[in-house]
Amino acid sequence: MAKALGIHAVGFILLFFLFLPSPCKQKNESSFIYSNPLISKAALGSLSPLAADFAWLESTKIGEMGKGGTLAVNTSEFKNAFLTIASLDPSFYHAINYGVSFLSTIPKDKDSAYDILDRALSLHPNDFRFEYLKLIIEVTSEQPNKEILKTLAMSIFAHPEFNGVFGTMKVDDFLLDILAFAGDEHAKKEQLKKELTWLHKNTSDKSKKALIETKLKELN
Amino acid sequence: MRALNACRFILKSILSERATGLFIVLAVIFLTLSLSLSDINIAVKYKLLEDALLASQSFIMTLSAVFYAFLMMEKERKGGIFVFIFVGGCNRGEYLLSQFMALFTLISLILAAFLAVDAIFLSVFAEGINEGFLSRLTLSALASSLLGFLTLTLSRFVSNTNSVIYAIFLFFIGSGADELMLYASEENSIAAKALSQTVYYLLPNFSFFDPLAITVAFSKEFFALLYFGLYGSLLFFAAHFKFKKEVLRVG
């Protein structure tokens with residue numbers, strides 16, 4: 001028995017050092033659960049959804065405790081709390097939604113919101129709701145990336161569980177608008193050129209013709 | 001038929017232990033604690049109650065799988081239970097099969113009891129039992145059964161106590177196999193990657209029974225059932241290989 005215990009002690013020590021969070025990271029967090037959520041999930045096993053529930057109960061207080069209002073909330077602490085929830089229970093959509101919506105709107109920290117969503121998506125890849133949340137964050141950001149928007153809109157549309165509705169909202173038209181907005185720039189230019197050439201042919205007004213010619217030159 | 005009779009005999013023998021009463025008391029305590037959380041709203045109605053029920057019941061099933069597997073081996077090595085079974089006409093293979101069957105039946109009985117209690121309480125305090133809850137508890141029962149099989153098999157190679165220690169260690173490592181893999185890929189460490197892949201593919205991978213684990217290529221429930229069948233058979237044959245050469249002694 002002593003031999004078996006010894007083997008396991010050595011095994012656990014090796015694993016611990018292999019996946020040990022850096023001392024700096026560990027110091028910043030209040031407990032091991034927050035400093036290393038994936039290892040916490042592995043150790044907790046079937047208890048992890050329950051731990052996520054309690055982490056959520058604790059995390060909602062972060063916003064309330066921020067001295068000087070919501071804007072003074074420690075973004076890093078907030079991100080880690082919700083990254084932990086996304087790791088412990090990636091199906092807990094409501095908590096993840098709250099966390100990423102807060103991060104992307106109040107401190108305008110899109111990257112942190114993406115980190116949480118990417119973690120949730122890596123553990124729960126079949127949930128198109130996370131992709132939709134990502135799309136909303138990208139659309140409402142100050143400089144939306146059209147390539148990301150297009151990829152996300154296509155992926156949501158192609159998802160077998162998506163039937164045009166999100167929650168109680170019908171969103172298929174909205175997604176089509178996003179696709180049109182994020183559409184191929186070159187194709188859009190060619191279409192505009194065709195339309196301007198047609199207008200140029202069918203316009204008799206000289207000043208309008210001059211204006212169209214200038215636009216066509218700019219496009220070329 | 002002889003294996004079935006032997007299975008019934010083993011089941012009666014282990015259930016008559018005082019520990020069974022303690023497990024029932026533990027289940028009642030956990031149930032009461034879970035119900036005390038039913039009023040706390042955490043954005044999703046009754047999620048906390050369901051998670052508390054699942055966590056506590058999974059824990060009890062895991063604990064009973066290891067404990068009863070250990071008890072079976074103690075009854076064999078110290079109580080000589082196999083003598084009664086061999087007198088009944090069973091051979092070694094049938095005796096081993098009856099041990100595996102008794103453990104699986106026991107976990108199935110516990111699962112059925114939990115499902116019946118949960119159906120009543122969730123109907124009264126929440127909106128009834130849902131498909132996700134049913135699937136998670138069933139997968140947890142399969143994982144517990146596999147853990148019990150692992151304990152039984154390991155005890156053929158090492159002592160009863162050591163088999164429990166090894167099985168629990170493998171259970172912890174196997175439950176976190178998918179997280180280790182993801183963590184290693186995020187860390188970009190070659191040693192961590194190699195270790196996580198070894199754990200994922202070679203050791204019993206209990207993360208396949210976790211509904212929140214990374215999805216496999218096809219239906220999660222079907223895959224878990226298939227894996228349980230295959231790994232369970234593998235463990236049975238490994239135990240049989242060792243058991244057929246074993247010199248049986250009592251005490």
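Reader: In this predicted model, which residues does Ile85(A) touch, leaving aside those up to four places away in sequence?

Author: Setting aside those sequence neighbours, Ile85(A) touches Ala52(A), Ala55(A), Trp56(A), Ser59(A), Phe92(A), Ala95(A), Ile96(A) and Gly99(A).

Reader: How should I read such a set of contacts in terms of a core, and which residues touch the most other members of the largest nonpolar core?

Author: In soluble globular proteins, nonpolar side chains tend to be buried together. Here the largest nonpolar core has 98 residues, and those touching the most other members are Ile85(A), Ile96(A), Ile116(A) and Leu103(B). Helix 3 of chain B supplies the largest share of this core, with 14 residues. Another core, lying apart from it, has 11 residues, including Ile39(A), Leu182(B), Ala184(B) and Val199(B).

Reader: Is helix 6 of chain A largely enclosed or open, and how many of its residues are buried?

Author: Because 11 of its 14 residues are buried, helix 6 of chain A is largely enclosed by the rest of the structure. Among the buried residues are Phe78(A), Lys79(A), Phe82(A), Ile85(A) and Leu88(A). The length can be checked as well: at 1.5 Å a residue, the helix, residues 75-88, should span 20 Å, and its end C-alpha atoms are 20 Å apart, which agrees.

Reader: How many residues of chain B are in contact with chain A, and which element gives the largest share?

Author: On chain B, 28 residues are in contact with 29 residues of chain A. Elements giving two or more residues to this side of chain B are helix 3 (47-77), helix 7 (160-175), helix 8 (177-187) and helix 9 (190-202) of chain B, and helix 3 of chain B gives the largest share, seven residues. By class, this side of chain B has 18 nonpolar, seven polar and three charged residues.

Note on methods: Residues numbered from 1 in each chain as written. Chains lettered and ligands numbered in written order. Predicted model: local features only at pLDDT ≥ 70, side-chain atom pairs only at ≥ 80, totals over all residues. Contact = placed C-beta atoms within 7 Å. Helix = DSSP H or I, 4+ residues; strand = E, 2+ residues; numbered from the N terminus. Nonpolar A, V, L, I, M, F, W, Y, C, P; charged D, E, K, R; others polar. Expected span 1.5 Å × (residues − 1). Buried ≥ 20, exposed ≤ 12 C-beta atoms within 10 Å, placed from the backbone. Core = buried A, V, L, I, M, F, W, Y, C linked by C-beta atoms within 7 Å.
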